[in-house]
Amino acid sequence: MITLPRTDRRKLILGTGALALSTLLPARLLAEIDTSDLSDITRGITPISTAEREGRIERARQLMRDHQIDAILIEPGASMVYFTGVEWWRSERLTAALLFQKGDAVIVTPFFEEPSVHETLAIPAQIRVWQEDEDPIALIAGALKERGLTHGTVGIEETVRFFASDGLGKLAPGITRVSANPVVRGCRMIKTPAEIALMTKATEVTIAAYRWVLPRIREGMGPHEIGALMNAATVKLGGKPEFALVLLGEAAAYPHGSHQPQRVREGEVVLMDCGCTVQGYQSDISRTFVPGKAPPEVRRVWETVHEGQQVAFRTARLGLPAGQIDDAVRAYYEKQGFGPRYRLPGLSHRTGHGIGLDGHEPVNLVHNEATPLAPGMCFSNEPGLYLPGKFGVRLEDCFHMTESGPAWFSTPPLSLEQPV
C-alpha cells in the first residue's frame, strides 16, 4: 500500500521506498529540474545498419513482385525513415520517395532542401529537385516514365496526402494506383532483432524514468508538472520524449484525459501513460497507482486489469488471428461484470496496437482483426477499465512475438503498491 503517514503528510511511502509529497512545486523549480543523478543509458546502442536497410529494400521488391506493383510512393514519416533513412517533415512543399521493383529509388525534394535531405539518406537513390515555380509531381511522373512505367502500377503508402496521389493520377493517367499496404505493412510489421533491440532500450529508458519520477511526485502537483519531470528524466537517460500523459482522479476514467483542473490527492488514482524513442523506435508504458490508501473499488479494478494483461499475453500464440486476443480479454472482463463489449464501465478501446517506428502501427489487437500473429510482430497490451465519473485504471506493457510465443518488452507491475 502507498501510505501517507498521518504525522507527516510531506512523505508518501511506496513499498520500501519513499515517495515525497508536499505543496505544489514552484514553477521556477520545475524549470530547473535537477537530473544530475541520472546518466545516459543508451550509449553503445547499434543504429540500423546500411546492410539492414538494403535488406528492407530487397524485401519490398520481393513483395512488389508478389503483388504486381511496379513502384511505391512514400511521403516523409516513419515509412520513409524505415526504407530510406531520410528524416524529414511534411509541408506544402512536397518531398517524396519512389521505391521501384527494379532500380534505385528516386527522392523528389525542393532545390533548397536537397543538402539537408541528403544528410540522412541511407540507401542508393537519385535526388531530383524542383524549384518553387515547378510542380514536384511532374518529377514523380517523369521518373516513372523513364522506367517505362507510363502504364504501370504504383502503390500509394497509406498516409500519402490526397493532393500527391490525385496529382499523380492527373499527370500520369495511364498509371494504376493501388494501396501499398501489402508492401509497406509486409515489411514494417515484422521487426528484426536490431529493431527489437532498439525498442527494448527505449523501454528501459521509460521504466528508468518512471522509477526516478515516482518518488518526486508531490501532493497538489498537476499533470504538466509531473509530465515535465518525466520528460526531463527521459532526456537525461538518452531517450527522446514522445508523450507523457498524466491523468489524475476522475480524469483517469477518460482514456485520453480531460481539460478539467487536476491535482494529485491522497487516495485518488494517478494514471501515467508515457513513452519515448531511441533511434526512432518507440516505447509505450502505462502505470496506475494511488497515493495513500487505495479505496477497495480501485484495488479490485486494478487487480482485474492486471489479470486482463495476463489473459492477453497468455492468449497470444503464433498463427492466432490478432483480434482473438481482444476477444479473450473482453470475455474475461464480462465475467467480472464489465461491458459487455465496448460499453462502460468497461474497456472502451482495443486491447492493444502495433508499435515500432510509429507509436500506433498496424495491426491492432481488436475484435475482427484477422491478421495472424507472426514472429517479429510487436504490440501494446493495455486492456484498461474505465468507470465514468469515478476513475480509470490502465496498465500497459508491450510485447513481441517470438518463435516460441510472446515475450515482454517491460514486465507488468507486481502490485498496486509496486507500480514499477
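Predicted model: local features only at pLDDT ≥ 70, side-chain atom pairs only at ≥ 80, totals over all residues.
Colleague: What's the angle between α5 and α6?
Modeller: About 55°, for α5 (residues 136-146) against α6 (residues 162-171), with the axes 9 Å apart (lines fitted to C-alpha atoms, for helices over the stretch in contact; angles run from 0 to 180 degrees between N-to-C directions). That makes the pair oblique (under 35 degrees is roughly parallel, over 145 roughly antiparallel, 65 to 115 roughly perpendicular, the rest oblique).

Colleague: Which residues make the contact?
Modeller: From α5, Ile137, Ala138, Ile140, Ala141 and Leu144; from α6, Phe163, Ala164, Gly167, Leu168 and Leu171. Contact here is heavy atoms within 4.5 Å.

Colleague: OK, switching to the sheet. What's the strand order?
Modeller: β6-β5-β4-β3-β7-β8, an open sheet of six strands with mixed pairing (strands pair if DSSP finds at least two bridges between them). At the edges sit β6 and β8 (176-179), each pairing on one side only. Twist averages 25° from one strand to the next. α6 comes back here: this helix packs on the sheet, touching β3 (71-74), β7 (153-156) and β8, and its direction makes about 155° with that of β8.

Colleague: And β5, why is that strand largely enclosed?
Modeller: Because six of the six residues of β5 (residues 105-110) are buried (under 20% relative accessible area with a 1.4 Å probe, protein chains only; exposed is over 50%, partly exposed in between).

Colleague: How does β5 run relative to β4, parallel or antiparallel?
Modeller: Antiparallel, with three bridges to β4 (residues 96-100). Ala97 stands opposite Ile107 there. The two strands form a hairpin with four residues between them, and Gly103 in the turn has a positive phi of about 95°.

Colleague: How many bridges join β5 to β6?
Modeller: Six, and β5 runs parallel to β6 (residues 125-130). Thr109 faces Val129, and Ala105 has Ala125 as its bridge partner.

Notes: Residues numbered from 1 in each chain as written. Heavy atoms only, no water.
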